[in-house]
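This report describes the architecture of one protein chain and the surroundings of one of its ligands. Please consult the sequence and the structure shown here while reading.

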Amino acid sequence: MAKTNPGRSGFTGYPFCKLSLALLSLVVLVVAVTADDSNFPSSYTRRPQPSKKLTKPVVLLISSDGFRFGYQFKTETPNIDLLISRGTEAKTGLIPVFPSMTFPNHNSIATGLYPASHGIIMNKFTDPTTGELFNRNLDPKWWLGEPLWATAVNQGLKAATYFWPGADVHKGSWTCPKGFCKSPYNVSVTLEERVDTILSYFDLPQSDIPDFMALYLDETDIQGHRYGPDDPRVTIAVAKIDQMIGRVLKGLKKRKVFGDVHVILLGDHGMVTNCDKKVIYIDDLADWIKIPADWIQDYSPVLVMNPRWGKDVKNPGEKNAEVVAKMNEALSSGKVENGEFLQVYLKEKLPERLHYSDSSRIPPIIGMVGEGLLVRQNRTNKQECYGDHGYDNLFFSMRSIFIGHGPRFKRGRKVPSFENVEVYNVIAEILGLRPAPNNGSSLFTRSLLVPVGETAQVE
Ligand SMILES: *[C@@H]1O[C@H](CO)[C@@H](O)[C@H](O)[C@H]1NC(C)=O
Ligand SMILES: *[C@@H]1O[C@H](CO)[C@@H](O)[C@H](O)[C@H]1NC(C)=O
Ligand SMILES: *[C@@H]1O[C@H](CO)[C@@H](O)[C@H](O)[C@H]1NC(C)=O
Ligand SMILES: [Zn+2]
């Protein structure tokens, strides 16, 4: 198994992201609060037409953590293939937000916001202004934006979540009612049990069936971190996820609602191996600039720096700019091993496409690390070999999957890749909800979903 190491935002504790066990709660089933429909813009008041057995739209959102795009070709995946052939697929995968880490991405999927706006800028970070540490805290003050379960409940629908990162944070009308919360998070709860719990909701009287359900599966991420994406144990994990999808489909078919439910299968990010020992050592930059270890909050997959300037330094912004210039001079000199695989930025100067500037929580200096590279302070004898994610969302290895199946998804359709901030609007549209302000594009749902009432099953 992989080792501990200083810089990585890896997977101790909660296996996929160092989550302390106290954090995730279990099943949450929330009873609706009635909302006044009269204020909604007209385009959102129209509820989709009733389908066959269920007379209301229902969305089951399934996240397979760390399911890298392409994993579906590792082995036979008949159940995922069935969703693909009878549903709509992002042809070259779902694009994560930067940084391609678990908590930022699950919250972007849930809120439609970039991390700078939803506040969860990394799995773990120190707020540069207050000095406070976020480490998957449940305090709502960290969690900005409105997640889908809150949107649903605020507008009179019902929602249930199972292990979705962040879903146990109390937001607005969303709390975890007694009797439905089995906390703390427990990695030993089998995937079968998670699936069967969700399926059991379909045995409730129709009015009690949650309109929105979110299910979280972690197997692909756990094995991918431990062994890297190319390991046979990841292939086994992929087969396991496919079996769980099969269990979902079988359970829905048994209850005669398979055609009525919108099943969305996606993942938060991909995975890349860093077993090939390409490392950048910060101490190798010493001829240009000495970087003390306590300036660095994280080494890789994202280099995160907050230099500690004394009170006598009048313009820390200027000093930070000097640090960035010196570091980049060293890295591009050809004299630093693997230096070409790290580029350092003042956060304001990061490429626009990353949307990673506009938050006081983002530390002032961010280094973009090459695909699969490690950054460390200095040379040690430590052997490091595992899989990781968090890198630039431009890398295909960071992409995950998106497949939608159900009345509003056209059969056999392929769409170009899109960013996961679009998912919030898509689900809001299916459920007839008025979306909270978000970073999805307003026209996107029209390109992905078929209009209400039109049959989706004919190509
Ligand atoms: C975690 O789940 C397993 C399997 O369901 C159970 O045996 C164990 O007691 C649980 N642990 C905690 C702390 O709830
Ligand atoms: C190497 O860096 C670590 C911090 O990452 C530090 O604790 C250690 O003292 C350094 N070793 C040397 C030889 O500089
Ligand atoms: C994302 O949406 C929020 C809320 O509407 C907005 O404040 C923010 O500026 C948007 N970010 C981008 C990059 O468009
Ligand atoms: Zn993840």
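The sections below proceed from the whole chain to its helices, its strands, its backbone exceptions and a ligand shell.

## Basis and overall composition

This is a predicted model, in which local features need pLDDT of at least 70 and side-chain atom pairs count only at pLDDT 80 or more, while totals for chains, interfaces and linings use all residues. Residues are numbered from 1 along each chain as its sequence is written, and chains are lettered from A and ligands numbered from 1 in the order in which they are written.

The protein chain contains 11 helices and 20 strands; helices (H or I, at least four residues) and strands (E, at least two) are DSSP runs, numbered from the N terminus. Of its 459 residues, 50% count as buried. Here a residue is buried if 20 or more other C-beta atoms lie within 10 Å of its own, exposed if 12 or fewer, and partly exposed in between, with C-beta atoms placed from the backbone. Among contacts between residues at least 6 apart in sequence, 78% join residues at least 24 apart; two residues are in contact if their C-beta atoms, placed from the backbone, lie within 7 Å.

## Helix H10 and its cover

Helix H10 (residues 423–431) is mostly covered, with 9 of its 9 residues buried. The buried residues are Val423, Tyr424, Asn425, Val426, Ile427, Ala428, Glu429, Ile430 and Leu431. Just after H10, Gly432 adopts a positive phi of about 70 degrees.

## The H2–H8 crossing

The axes of helix H2 (residues 78–85) and helix H8 (residues 232–254) come within 7 Å and cross at roughly 60 degrees. Axes are lines fitted to C-alpha atoms, for helices over the stretch in contact, and angles run from 0 to 180 degrees between N-to-C directions. H2 and H8 are therefore oblique to each other; angles under 35 degrees count as roughly parallel, over 145 as roughly antiparallel, 65 to 115 as roughly perpendicular and the rest as oblique.

On the H2 side, the contact involves Pro78, Asn79, Ile80, Leu82 and Leu83, which meet Asp242, Ile245, Gly246 and Leu249 of H8. These residues divide into 6 nonpolar, 2 polar and 1 charged. In this classification, Ala, Val, Leu, Ile, Met, Phe, Trp, Tyr, Cys and Pro count as nonpolar, Asp, Glu, Lys and Arg as charged, and the others, Gly among them, as polar.

## Strand pairing

An open sheet is formed by 4 strands in the order S12-S13-S15-S14, with antiparallel pairing. Its edge strands are strand S12 (296–298) and strand S14 (342–346), each of which pairs on one side only. Neighbouring strands of this sheet are turned by 25 degrees against each other on average, direction ignored. Two strands pair if DSSP finds at least two bridges between them; S12 and strand S13 (residues 302–305) pair in the antiparallel sense over 2 bridges, and Asp298 stands opposite Val304 in S13. Helix H9 (residues 316–331) lies across S14 and strand S15 (365–369), running at about 165 degrees to S14.

Elsewhere, S7 and S8 pair in the parallel sense over 4 bridges, with Ala160 opposite Met213 in S8. From strand S7 (residues 159–162), Ala159 and Thr161 point one way and Ala160 and Tyr162 the other way, and all are buried.

## Backbone exceptions in loops

Most residues other than glycine have a negative phi, and most peptide bonds are trans. The peptide bond from Phe98 to Pro99 is cis, with omega near -5 degrees, and Pro99 is found in the loop between strand S4 (94–95) and H3. The bond from Ser300 to Pro301 is also cis, with omega near 10 degrees; Pro301 lies in the loop between S12 and S13.

Phe163, although not a glycine, has a positive phi of about 75 degrees. Phe163 is located in the loop between S7 and helix H6 (191–200) and is buried, with 23 other C-beta atoms within 10 Å. Lys256, likewise not a glycine, has a positive phi of about 60 degrees. Lys256 lies in the loop between H8 and S9 and is exposed, with 12 other C-beta atoms within 10 Å.

## Shell of ligand 3

The residues around ligand 3 are Leu113, Tyr114, Ser117, His355, Pro437, Asn438 and Asn439; a residue is near a molecule if its C-beta atom, placed from the backbone, lies within 6 Å of it. By class, this shell has 3 nonpolar, 4 polar and no charged residues.
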